[in-house]
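Me: I would be grateful for a close look at a single part of the structure below, with its surroundings described where they can be.

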Amino acid sequence: MKPVADYDLAIVGASFAGLTAARSAALRGLKVLVIEAKKDPGARIHTTGIVVREAAEAVDIPHTVTRRVHGIRLYAPSLKHMDLFAPGYAFLTTDTAALMRWLAEEATRAGVKILCDTRFTAARYDSGLVHLDTPAITARFLLGCDGARSQVAEAFGLGKNSRFLIGVEAEYSGLDSFDPRFLHCFLDSSIAPGYIAWAAPGPKVTQIGLATKSDAKPALQRFIEQTEDRFHYSAASIVERRSGVIPCGGLVRPYASDGVMLMGDAAGLVSPLTAGGIKLSFEFGRRSAHAIADHLLNAGPPPEKIIDRDLPRFRIKSALRSALSYGPPNWMYDLLIGTPPLRALAQRLYFHRKGGGGSFEEFAGRVAD
């Protein structure tokens, strides 16, 4: 007789990937438990929470927790800039804490039990079940969605993220002295080597931040001082500060073993070039839930055999990440800003082939109005 588990699926981490997977698995008939170390899924947020439109539409994020941003304003170190649009397309900034709480509510409504203020410590796979120490439960399958430095990966000897960006951010209230149509992005190898700085108009606050390669010290205060004349931070107030690491080494290996799989940041499912991972978390959180449910309920193959064929390999983006980590000199950014080659490259990087809602001139006019 097979042992009876307390849960079909235990998920460590009430993250984008974890909550999406939990809801999908519960809707497919699994008994699901989510284990979260924080006091609630919206506490101590470590991400800017910028969502591409496709990701928002995939899970039908409510408009009340988002703000539409129509384009990108890309700055050189001299603060000379160029504007980028994809007619008919937009990004969404989010009230990330509210978004996480909404995802948790949706999962709970589907039948998921979320156990907050509980830290995963250790687990083992034995006799067809995963045995967790804290909380002391058993599950038929364990999904690790617990971030860039996954404890599930540590417990089961799975692959770990080894390359990171370091991000720091401050949220400002009353910061109204810049154009909210744009996500403002700054190229500056002395302030943000290996990545960019940004100013993102959110639904309630404005997020000012930057990320750097792991061996550089983020200079957020220097960035704020450099852009004070443009954004007037001194007339606003800081609501919250945060920092964290962003995996940028691509998919970890192995990301699965008997009864266990990693997903989201824990699996390295973050673009090494753009550091974007929310869309992938939504997509593969849901798809991993489908594969796990089919495995547990319908004698399907191990989930990783279904998932693996579609996971991004990031080969080109990893190569570009290595090149970007060396950081072009600032004089080159100043020289290239606004030129057709850099415009074409930036347009492809930010928008790919998205949009299609008319000409650039027509769209720019509608946004200006």
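Which residues make the nonpolar surface patch of about 410 Å²?

Reply: In this predicted model, the nonpolar surface patch of about 410 Å² is made by W331, M332, L335 and L336. Of these residues, M332 has its place in helix α10, which covers residues 330–336. M332 counts as partly exposed because its relative accessibility is 31%, and partly exposed denotes the range between under 20% for buried and over 50% for exposed.

For the surroundings of a buried element, one may turn to strand β7, residues 91–94. Both faces of β7 are covered: F91 and T93 on one side are buried, as are L92 and T94 on the other. In a regular strand, side chains alternate between the two faces of the sheet.

Strand β7 has antiparallel pairings with two strands. With β3 (residues 51–52), the pairing runs over 2 bridges, and V52 has F91 of β7 as its bridge partner. With β4 (residues 66–69), the antiparallel pairing runs over 4 bridges, and T94 in β7 stands opposite T66.

T48 belongs to the loop between β2 (32–35) and β3. At 15% relative accessibility, T48 counts as buried, because buried means under 20%.

Notes. Residues numbered from 1 in each chain as written. Predicted model: local features only at pLDDT ≥ 70, side-chain atom pairs only at ≥ 80, totals over all residues. Heavy atoms only, no water. Patch = residues over 30% accessible without salt bridge, like charges linked within 9 Å, V, L, I, M, F, W, Y side chains within 5 Å. Areas by Shrake-Rupley, 256 points an atom, 1.4 Å probe, with all protein chains shown as cover. Salt bridge = Lys/Arg side-chain N within 4 Å of Asp/Glu carboxyl O. Buried < 20%, exposed > 50% of the residue type's maximum accessible area, 1.4 Å probe, protein only. Pairing = 2+ DSSP bridges.
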